[in-house]
Amino acid sequence: MSSPMIRTVIALPALLMLAGAAKPVGPMVVRGDGLMDLVVGGKAARIRITPWAPAAPTLNPDFAQSIGLKGGLFGFAVKVGPVKVGGKTSVTRFDFGTMTFRRRVVWFDRRYEAQGDGAMGPGGLPAAVIRFELRPAQPGERTANLPLVQKMFQPTYSRVMVAGREISVLFDPQHARTLATAGAGSALAAAYGGQLAGATGKAEVAFGIERPIRTLRLARPFVIGPLSFDSVPVRIGDSGSVAGIADADADPEEVVVTAKGGAKRRDVLIIGRDALARCSTIVFDKPAKAIRLSCA
């Protein structure tokens, strides 16, 4: 899976725009694991449609090779923690039921989608409204309207202000648990009285790469739409610094090494399956620039 917590280290040029945008079609419904059959570059493919994936469809390297894609003059790379992953880009055609369109696609040195041939987010689809149905609606659900933000090589996301910082909020039903970057965790700790607690664990971020995490326990719940969080796993090794967060289990003799923050760092909260288990639908409404989240 691609990650919004991946930091681009070689900027993509402005010419890498979605190519051949099709006219918007009616609402599209995505159920289950989001794996769908379509034709990419003239070849049958299994592509995962997921809120987590970026607007530019991202293919596995073996599939990109099988349809004869050649990278352009401008290569790029992303970093997951200390690991740099090289990428290439080209343009190809998608045939998907009544939708036929061309898109700028990317692929990396590492496999991106574990079960299919690639993945695509709401921003890459010509449908004006994409409805992800996670489970049947439950009594007492309420729906929140969140702002929708779309950028070329990022997933479709929302954003909130926390402790004076803008936090990008993404949704990933395939991610087992919610996860915040260090910068987002620091903002949540400042605003809601957070402490790091428990032992260091690991969580996969992207491309099968795992990064160290700890649990941030909040004195007051963080609420976004119908969801409330009293704890959040936080990346502690990169994507910001957790130096300012109190540590409930700190050893006073411990030497703490913190990551360097950059001016272009994005503070990100990924809402995973643990929280989304309470939700029946996530609707991405592009014309309204709204994400509608319905949860019990």
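Student: By class, how many nonpolar, polar and charged residues does the lining of the largest cavity have?
Tutor: This is a predicted model, where local features need pLDDT of at least 70, side-chain atom pairs count only at pLDDT 80 or more, and totals for chains, interfaces and linings use all residues. Residues are numbered from 1 along each chain as its sequence is written, and side-chain values use heavy atoms, leaving out hydrogens and water. A cavity is a set of points, on a 1 Å grid over the protein atoms alone, where a 1.4 Å probe fits but cannot get out; lining residues have an atom within 4 Å of a point. With Ala, Val, Leu, Ile, Met, Phe, Trp, Tyr, Cys and Pro as nonpolar, Asp, Glu, Lys and Arg as charged, and the others, Gly among them, as polar, the lining has six nonpolar, four polar and three charged residues.

Student: Which elements give two or more residues to that lining?
Tutor: The lining has 13 residues, with Val30, Gly32, Phe132, Leu134 and Pro173 nearest the cavity's centre. Strands (E, at least two residues) and helices (H or I, at least four) are DSSP runs, numbered from the N terminus. The elements are β2 (28-31) and β10 (129-133).

Student: Which are the edge strands of the open sheet of five strands?
Tutor: Strands pair if DSSP finds at least two bridges between them. The order is β2-β10-β20-β21-β11, with mixed pairing. Each edge strand pairs on one side only, and these are β2 and β11 (142-147).

Student: How many bridges join β2 to β10?
Tutor: Valine 29 stands opposite arginine 131 in β10. The two strands run parallel, and the number of bridges is four.

Student: Why is strand β8 largely enclosed by the rest of the structure, and how many of its residues are buried?
Tutor: Buried means under 20% relative accessible area, with exposed over 50% and partly exposed in between (1.4 Å probe, protein chains only). Strand β8 spans residues 99-108, and it is largely enclosed because its buried residues number eight of the ten.

Student: Which residue takes a positive phi in the hairpin of β7 and β8?
Tutor: Strands β7 (residues 83-96) and β8 are antiparallel, with ten bridges. Aspartate 95 stands opposite threonine 100. Two residues lie between the strands, and the one with phi near 60° is glycine 97.

Methods
1 Å grid on protein atoms, 1.4 Å probe; cavity = no way out; pocket = protein on both sides within 12 Å on 5 of 7 lines; lining within 4 Å.
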